[in-house]
Amino acid sequence: MFSENISLNGSWKLYGRPEVIGRAPGIFHDGPIQIADAAVPGNIELELCRAGMTPEPFFGRNSNAYHAYEGFEWCFEREFTLEDAEGNFELELAGIDCYGTVFINGEKVGNSHNALIPAVFDPSKFLTKGCNTISVHIASPINVFRSEPLVPMAVNICPFGLEQTRMRKPAHSWGWDIAPRLPLGGIFRDVTLRKLKPVRIVDWATVMCDANESEANLRFFCKFETDRHDFAGLIVETEGVCGDSRWFVQQRPWSSQQALCIRVENPVLWWPKHYGEPKLYHASITIRDETSGNVLDRVKFMYGIRSIALEYKPVATYHPEPDFQFIVNGVPIRTWGMNHVPCDALHSRDRERMPQILKLAKEANLNMLRIWGGGIPEDEMFYDFCDREGILIWHDFMYGCALYPDDDAFLKEAEHEAIEILRVRRHHACIALWAGDNECDSATYFMRSRYRDPAHNKLTREILPQVCERYAPGAVYLPSSPYISEECQKKGRESGVRDASVASLK
């Protein structure tokens, strides 16, 4: 999609100092902490440990030593060289935790406030030929939280970690039963500067209309940008190949958004492990110059043709037939699964640890993994692996064990976050289900809350299902993991048992 990618990973300078409440974010080179070769991707905790300022965080109560730095602000900085600064550029910080302000050559480019999705900026007008400087200021999240109002309904099941109900960063970073409190953050995923093509695909999506062994009907969408004054002379096409099976469709675009309808006879279906082979098509969406035939931009991806549905009863029973079952390609599936939590509490180390974890999942003959809502959406390699191995994914959105706010500002950010999470993962055959959260329905019972009915949770009953319907048509959605249905709650009330999840079995 891009003519040139410039990695800004590597060695940066890191400065840290106590944050003055009310001081505007900016570039600074003073303070008690000055580390000349901080790693990006990296975490501030790892740099403090490497510099000998704190102990290794994962032994005993060593993580408590990092509490002294929660009120610090941080400045990352490095230089890079551009041979040509003409044209349009895009700067992506794939993971910045969490309240960041980005500067190019001393000029502010933009802000970020969500560690769960990439931060993308347009730095074009600030770049120069030759030497450039990028600076990233990261504010103290605990100080940001000072300005948040007290909302008694927005609480979690622990007496600590109330920050998680407002801060869009991994919930476990505030402390969990499986993780220490390590919320300092950092630039924990890749930093990339891209020079954009004059004609480029900026978004794309796939929709599985229906699929069986005799025929599959697909619809691919793409949105592109061009410096041409009209769309004459452009061709949009899609192709997919899996063994002897192939599709190819091309057409002239009428606008910057295009839909391509695809019919595949006798498709090669994708199956989960233990039920067949997870066959994948080598697929692409291409924009081509009609006169020269040259490729102007192309997106390549692996694509599995399959249908998936979920059949479940609103209240669990003792009947021998399943109460909850996935149906793939019309076949009821028995799942062998495990829960997947982050590879590391400090996410800059996720990528190096992930291959071994995925190897263990393969050796265990699993056909389902659940991405836990207290963590973070995983690296692309996770989803690619599950596509190849036939491992279904139960994917929580990143909310866990709390009653989250339902004000307009929070829900607006939640909607944006969900769109971005779906947008880059919706084409994966392995994703079986999107769940609204981890144990937030249950949290109403854990906390004996008589004032918050799970059915009235705007986030999981309105915002997230609507986003799934609009941006990932056909995706299976469940409001919570575990889900407490209205029927289940009613049965609990009628039986006089406070915990409706138990009452459902009475």
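**Strand pairing in two open sheets**

In the predicted model, strand 2, which spans residues 10-18, pairs with strand 3 in the antiparallel sense, and six bridges join the two. Within this pairing, glycine 10 has valine 40 of strand 3 as its bridge partner. Both strands belong to an open sheet of six strands, in which the order is 3-2-4-10-7-8 and the pairing is antiparallel. The edges of this sheet are formed by strand 3 (33-40) and strand 8 (107-112), each of which pairs on one side only. On average, and with direction ignored, neighbouring strands of the sheet are turned by 25° against each other.

Strand 7 of the six-stranded sheet covers residues 100-104 and includes isoleucine 104. Isoleucine 104 has a relative accessible area of 2% and is therefore buried, the cut-off for this class being under 20%. When neighbours within four places in sequence are left aside, the contacts of isoleucine 104 are Phe80, Leu91, Val109, Pro123, Phe126, Leu127, Thr133 and Ile134. Threonine 128 lies 24 residues from isoleucine 104 along the chain, and the C-alpha atoms of the two residues are separated by 9.7 Å.

A further open sheet consists of three strands in the order 13-14-17, again with antiparallel pairing. Because strand 13 (199-211) and strand 17 (257-265) each have a single partner strand, they stand at the edges, and one side of each is left without a neighbour in the sheet. The twist from one strand to the next averages 20°. Strand 13 pairs with strand 14, which comprises residues 215-226, over eleven bridges in the antiparallel sense, and the bridge partner of tryptophan 204 in strand 14 is cysteine 222.

Conventions:
Residues numbered from 1 in each chain as written. Predicted model: local features only at pLDDT ≥ 70, side-chain atom pairs only at ≥ 80, totals over all residues. Heavy atoms only, no water. Pairing = 2+ DSSP bridges. Helix = DSSP H or I, 4+ residues; strand = E, 2+ residues; numbered from the N terminus. Axes fitted to C-alpha atoms, helices over the stretch in contact; angles between N-to-C directions. Buried < 20%, exposed > 50% of the residue type's maximum accessible area, 1.4 Å probe, protein only. Contact = heavy atoms within 4.5 Å.
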